[in-house]
Amino acid sequence: MLDTIILVLDSTFRLSTPLLFACLAGLFSERSGIVDIGLEGKILGSAFAAAAAAYVFQSPWIGLLAGIFVSVLLALIHGYASITQRGNQVVSGVAINFLAAGLTVLLGQAWFSQGGRTPALDSASRFNNIELPFADALADVPVFGPIYANLISGHNILVYASFAAVPLVWWIVFRTRFGLRLRAVGENPSAADTAGLSVTLLRYRATIICGILCGFSGAYLSVAQGAGFIKDMSAGKGFIALAALIFAKWKPVNAMFTCLLFGFLDALAIRLQGQEIPGIGEVPVQVFQALPYVLTVVLLAGFIGRAIPPKASGIPYVKERT
Amino acid sequence: MSKGQLPRWVDFGLLPALNLIAAFIVSGLVVVIIGEDPFEAVKWLVWGALGYGEGIGYTLYYATNFIFTGLAVAVAFHAGLFNIGGEGQAYVGGLGIALACLALDRFIPWWVTFPFAIAGGALFGAAWAFIPAYLQAKRGSHIVITTIMFNFIASALMVYLLSNILIPQGTMSPSTRNFEAGGQLPLLRNVFTSFDFGQSPVNLAFFLALAVCVVVWLLIWHTKLGYEIRSFGKNPDAAAYAGISPVRITIITMLISGGLAGLMGINVVMGEQTRLLLDFAGGAGFVGIAVALMGRGHPIGIILAAMLFGLLYQGGAELAFEIPTISRDMIVVIQALVILFAGALEHMFRPAVVAFFDRFSSDTAEA
């Protein structure tokens, strides 16, 4: 029993990681007042760039950097459209998603000729699992041993990084001057402007941070969890992360728990596929797949608490009317 | 003409054309990056879409899909609502169409099934748009987010229904059984035998799409409801002050929008596939966003934009066949760039064009 629980929780961590990076990414963007439904596209673009660069340079770290670079580039397109050009942020996000979906396969096919995939990565070009100290020695200790050896130890570095990012993001958003200003431009940009802050600059910085974090998410998919890029490998994770962000009410610690919950549902769906649950019978796997979205809609409907977005989100800032 | 304003032909003709040209130039650069000749690519694209009867047939077939989804997005736009859930509504609408066909196809000819299928598609599509509409109107949850969520819920629901309930006994692939003749729309190649449509699946749904364009045009610009929808879209506060109920308009507009998206299945499910398949919408709901933006929300514009995208889809298939390095994903890239330049960066060229026209008009004033 304990083994099964540990197994499910272990895959929960692995499945939550890309969601968590993307969710924190969206948090920066939306807190600054930029709605970002292009998380999905940035994850996908980064996954492709990371896998391609990791293959060419035989290094996961160069892959990660390339992933971040591409993701930030896409974020800057979104930033230019929504901050400088004051375009519709949803439309721009949709464009980013399509751009990434098309370009990754097109370039992948042109460069590697494997039907849009990148060549499989060997273990030297991937982020491998790390054994924490004493994991083997402690494995025989009852209860704690298996938890430490199988659940806490044995993930790749990006899994640990994503969870370490949570307190860091919390500290940046709620305890630094930058965080205060970030929240200010998201709630009331004209007040922030009157106080002498540049709304444009702050929002650009937020979108760039968003790009960096999405870069981590994408690189995780293709050079840590997977071993190469596959067409459409983000498979809606950007949208689940967006749902998680709303579910978490735009707060970092909530975001972590929500991503763990959604990751858990995913892990459970895989585990329970084709199995009977006592008293209920077989639950179709689609129920688990739809559950994150259903939960988010229910939350948005205000039946379990209220999700109130940053006040100025989605509204382009016009300094003065002429 | 006062300073800073533009003549109508510039606003509705020149500026969209500039945006489109920008999108195509960047697309051309992408082709150059992957090491092919963009002019060669354009040649194959246009030939593949318009060069022969079958190509034209396919172009019209794809355009039919995009007219439905483009109208769906456009109607919602008129009320200031962003319906990003056309994909899910089209998918669920297909279920309504399939149910009508499955129930009736063995007993009555297609033209009796047709109105039931239309009603089924519109009803199911509208029903799928209802909950997001209600939540937006009554509980203030943002329609963009809820319709995105509903796309995913629709996809999960349809996979379940197709692979567990609608699948005929003894088969493995998740789809319904084939409709009999009573559930099949006539193909244009069998109707207009004098024109060579080859093996293309363009069918009577094309004329339904054109008819729906007229209906939408009448609705938006020549009825009280259309006036209310447009007023609400322009200024919700003023509309509410004038006695237009925001809840009513939001819900009705989204029902119409969802119903229009739901009709897309008439073309694919009843016209081409003659059965309900997994993922038959294939992204047409999202193309509708690009079509509505490019067509500026007007049925004529939407028909033109849908034709352009139909041309890209069919030409893109031909192009991928002739130049294998340029796969069909090139179309997705072009689509993305059109959405980016015609949608999000819509005003990028405006200041320059305004400055140009200002200088031009002041010159003539002095002369």
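Predicted model: local features only at pLDDT ≥ 70, side-chain atom pairs only at ≥ 80, totals over all residues.
1. Overall build of chain A. Chain A contains 13 helices and 4 strands. Its radius of gyration is 20 Å, close to the 20 Å that the globule rule gives for 322 residues, so chain A is as compact as a globular protein of that length. Along the principal axes, the C-alpha atoms of chain A fill a box of roughly 70 × 50 × 40 Å.

2. Packing within chain A. Of its 322 residues, 51% count as buried, and among the contacts between residues at least 6 apart in sequence, 76% join residues at least 24 apart.

3. The contact between the chains. Chain A brings 35 residues to this contact and chain B brings 38 residues. On the side of chain A that touches chain B, α4 (89-112), α11 (237-247) and α13 (285-300) each supply at least two residues, and α4(A) gives the most, with 15 residues. By class, the residues on this side of chain A divide into 24 nonpolar, 11 polar and no charged.

4. A helix pair in chain B. The axes of α5 (residues 110-139) and α12 (residues 264-273) of chain B come within 9 Å and cross at roughly 125°; α5(B) and α12(B) are therefore oblique to each other, and their crossing is right-handed.

5. Residues at that crossing. From α5(B), B:Ala117, B:Ile118 and B:Gly121 meet B:Gly265, B:Ile266 and B:Met270 of α12(B), a contact that comprises 4 nonpolar, 2 polar and no charged residues.

Key:
Residues numbered from 1 in each chain as written. Chains lettered and ligands numbered in written order. Contact = placed C-beta atoms within 7 Å. Nonpolar A, V, L, I, M, F, W, Y, C, P; charged D, E, K, R; others polar. Axes fitted to C-alpha atoms, helices over the stretch in contact; angles between N-to-C directions. Parallel < 35°, antiparallel > 145°, perpendicular 65-115°, else oblique. Left-handed = near helix turned anticlockwise from the far one by under 90°. Rg over C-alpha atoms; globule rule 2.2 N^0.38 Å. Buried ≥ 20, exposed ≤ 12 C-beta atoms within 10 Å, placed from the backbone.
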